[in-house]
Amino acid sequence: LDVSMDTWNFFYTCLVSLWLHRFYIYSAVAFGISIWIVIQFTTTKTKKKVTEHGEKYNGNPASSEGIEDKLVNGYATLQAKEVYVAGVKIFYGSQTGTAKRFAKGLAEAVISLNLPVEVISMGDYDPDDCLSEETTSRNICVFLVATYTDGQPTESAAWFCKWLEEAANDFRFGKTYLKGLRYAVFGLGNSVYVDHYNTVGRNIDRWLWMLSASRIMTRAEGDCNVAQSKHGSIEADFEAWRAKFLSRLQALCRGERKPCSGKCKKGKCKSPGKQSKESSDHEHGASEYENTEAEELFETSSEEEADAEEAGGTNSVIDVEDLGDIMSHMKKAKSGLDSRVGGGMYHPFPRLSRNPIRTRILAAQGGYKLIGSHSGVKLCRWTKSMLRGRGGCYKHTFYGIESHRCMEATPSLACANKCVFCWRHHTNPVGTEWRWKMDQPEMILQEAIENHQNMIKQFKGVSGVKADRFEEAMTAKHCALSLVGEPIMYPEINRFVKLLHQHNISSFLVTNAQFPDEIRNLEPVTQLYVSVDASTKESLKRIDRPLFKDFWQRFLDSLKALSEKQQRTVYRLTLVKAWNVDELKAYADLISLGKPDFIEVKGVTYCGESSASNLTMANVPWHEEVVHFVQELADLIPDYEIACEHEHSNCLLIAHKKFKINGEWCTWINYDRFQELVQEHERSGGSKTFTAADYAARTPLWALFGSRERGFDPLDVRYQRKNKARDISGC
């Protein structure tokens, strides 16, 4: 007890002493902190002086690989100086050899600066695999590109340009996909061809800029026309640009940054004294040099694009019914437009090729090929993926289509809904009835196939493309009528579908459940989809934003019409978090009404920012959340079970138990058998019918729900994009 008391008294005495002398303790701590701050300040200042001295002492701009003195604990140590430029990569696209010759000459000049350099033909480079790596490599990328016939890139640069254009216009890549990549562009052209002068160089410059890559200097253009060349010849133009480039490269090697000129896009730029943290971080991976030519780049838009923007703005929706409101504006350009298309009658609802809307849609939808007045075709990203052996879409997993032989098209750009998750950002027109001058189905199909084949041809010789699949892809075997709009609105949809079948092309038709009569009158298709985006009247109005006042009754009648079909039918459910994921019982009731053969449940695809929708990434469900929803829904519909899964598309398939034959799922399609059945149906005048079970095929094990592959074909190799963005893209 005495020992305990003594110990307590000792500690008590110490605590009292500390309290009584607390002001001295505070002063000592403050003095220590002050000394530490002074030491840190002195060390930093010394480091800066040594660095400046090292740069002055070594005149070689490549001395970034040299050493600098730094004081640590009073001693001088050696540490590698930060590398501002790791090397230079020179990409060239040449037809006659001029760009290649320039590339080699530039490489020799860069080597003289003691910098590593690599000369790359665009035809031997895969931008999908490699270009994103340049965002962190600290290399400078130089593009020497020639413009060939009709403003097209040279054969060796065609794939690179095609990929870059699609990436710049594809929301899946994101606006900052190439942030950190530093580049310069020199274009080779001939001003004799006024309409196409240096088009390729300008396009590459613009597309890189759209993906947030940073120019290190203004784009330059060489002119083969000696009469117009700034320096007398294209060689002299290049020499003048090369001198500027080497000077800029030396400055970058020293870590210098060119200040903003104040002419940034929209007149906005950051003052040098108020740079954000993001700008500071960016200086190591990319030049802070802003685009002083941004406005000039976008002044190259055609008159039609300018007219369209004045008529409705870049983000507005043009309804078919609203076209009359902009007629006064369009009449101003009528004479010019008629002269360009050969004159003729000016229709109140003209062909898209006769008004600025066509150009606007083309610009907004990057990669679409418009056909006639109201149709379109586009190469699906899954087609490109399967061409390269990187896997097919969910239809390949669920139904056995060959994604590289699938043509995505529509005979009607117009739609009767304005869905909040529309991945076309409502750049297509909307309407409740047909008001266009109608094109014949034979013409639409012919041009669709020709355009599709031309897009496939661009993959010839592209790195990674499988030769056998390329040959197969030239003959389309499937047609997904789901590109955009409402295909069933097209008055000759039955003739169009029959033409597809006559060409041995299967038909996958998607409708938004607002045209019940058209669904009833539809001839047999391989598979008929109905989008069921919500299960109650209120949520359907909020999500699909239909134009019809009686939209709910039309929706229910469409589901009833679907139940009368004998061929394969599908519900498409798109899950949007906080919008429609809590309506399980109501969904089950709709399933009992339409009695579909299959139910596809897919997480919504985030399409990027748009004034047409307020959806964000927070509305995109994780795949595990989609699986949980599907499991709960399956429990409420006893005639159905979960059959397949395609994790990469965030999608699952619920199938009716009638497709589980002898314990094996048969969700795949026997396409040859379908063609035989549909031809017999047509020859009999419709009297000989057939059902979905007549052309079902066994589903492989890797496609089934619960498999180790999770729906990815083991014959292909899954490719993970080299960036940090979450992959939520679908088909």
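Colleague: Which residues of H3 are buried?

Modeller: This is a predicted model, and burial here means a relative accessible area under 20%. The cover over the buried residues of H3 includes strands S3 (87-93), S4 (117-121), S5 (139-146) and S6 (182-189), together with helix H7 (234-253). The buried residues of H3 are Thr98, Ala99, Phe102, Ala103, Gly105, Leu106, Ala107, Ala109 and Val110.

Colleague: How far apart are the end C-alpha atoms of helix H3?

Modeller: Helix H3 comprises 14 residues, 98-111. At 1.5 Å a residue these should span 20 Å, and the model agrees, since its end C-alpha atoms are separated by 20 Å.

Colleague: How many of the 12 residues of H6 are buried?

Modeller: Helix H6 covers residues 199-210 and reaches 16 Å from its first C-alpha to its last, close to the 16 Å expected. Its buried residues include Thr199, Val200, Gly201, Asn203 and Ile204, and Asp205, Arg206, Trp207 and Leu208 are buried as well. H6 is thus mostly covered, the count of buried residues being 9.

Colleague: Which residue just after H6 takes a positive phi?

Modeller: Helix H6 consists of residues 199-210. Just after H6, a positive phi of about 75° is taken by serine 212.

Colleague: Which residues have the most contacts inside the largest nonpolar core?

Modeller: That core has 106 residues. Apart from it lies another core, of 31 residues, among them Met217, Phe238, Leu246 and Leu252. Within the largest core, the residues with the most contacts are Phe143, Leu164 and Ile204.

Colleague: With which residues is leucine 164 in contact, leaving aside its neighbours within four places in sequence?

Modeller: Contact requires heavy atoms within 4.5 Å. Leaving aside neighbours within four places in sequence, the partners of leucine 164 are Leu131, Leu178, Ile204, Trp207, Leu208 and Leu211.

Colleague: Which parts does the salt bridge of arginine 215 and aspartate 205 tie together?

Modeller: The two side chains meet at 2.7 Å, N to O. Arginine 215 counts as buried at 3% relative accessibility, and aspartate 205 is buried at 0%. The pair joins parts 10 residues apart in sequence, because arginine 215 lies in strand S7 (residues 214-215) and aspartate 205 in helix H6.

Colleague: Which strands hold arginine 572 and glutamate 600?

Modeller: The side chains of arginine 572 and glutamate 600 form a salt bridge at 3.9 Å, N to O, and both residues are buried. The pair links distant parts of the chain, 28 residues apart: arginine 572 is in strand S15 (568-575) and glutamate 600 in strand S16 (598-603).

Colleague: Which residues are linked in a network of salt bridges?

Modeller: The count of salt bridges comes to 31. Among them is the pair of arginine 405 and glutamate 402, with the closest N and O atoms 3.6 Å apart. The network is made up of Asp126, Asp128, Asp129, Arg388 and Arg390.

Colleague: What percentage of residues 20-39 is helix?

Modeller: An unreviewed UniProt entry lists residues 20-39 as "transmembrane region". In the model the end C-alpha atoms of this span lie 31 Å apart, and the span is 0% strand and 95% helix.

Colleague: Which element of the protein chain has the lowest mean pLDDT?

Modeller: The mean pLDDT of the protein chain is 78, and 73% of its residues reach 70 or more. Over residues 53-80 pLDDT stays under 50, as it does over residues 723-731. Among the elements, strand S21 (residues 668-669) has the highest mean, 98, and the lowest, 32, belongs to helix H9 (residues 294-298).

Conventions:
Residues numbered from 1 in each chain as written. Predicted model: local features only at pLDDT ≥ 70, side-chain atom pairs only at ≥ 80, totals over all residues. Heavy atoms only, no water. Helix = DSSP H or I, 4+ residues; strand = E, 2+ residues; numbered from the N terminus. Expected span 1.5 Å × (residues − 1). Buried < 20%, exposed > 50% of the residue type's maximum accessible area, 1.4 Å probe, protein only. UniProt positions renumbered as here; feature names shortened; annotations may be inferred. pLDDT = per-residue confidence, 0-100. Core = buried A, V, L, I, M, F, W, Y, C linked by side-chain atoms within 4.5 Å. Salt bridge = Lys/Arg side-chain N within 4 Å of Asp/Glu carboxyl O.
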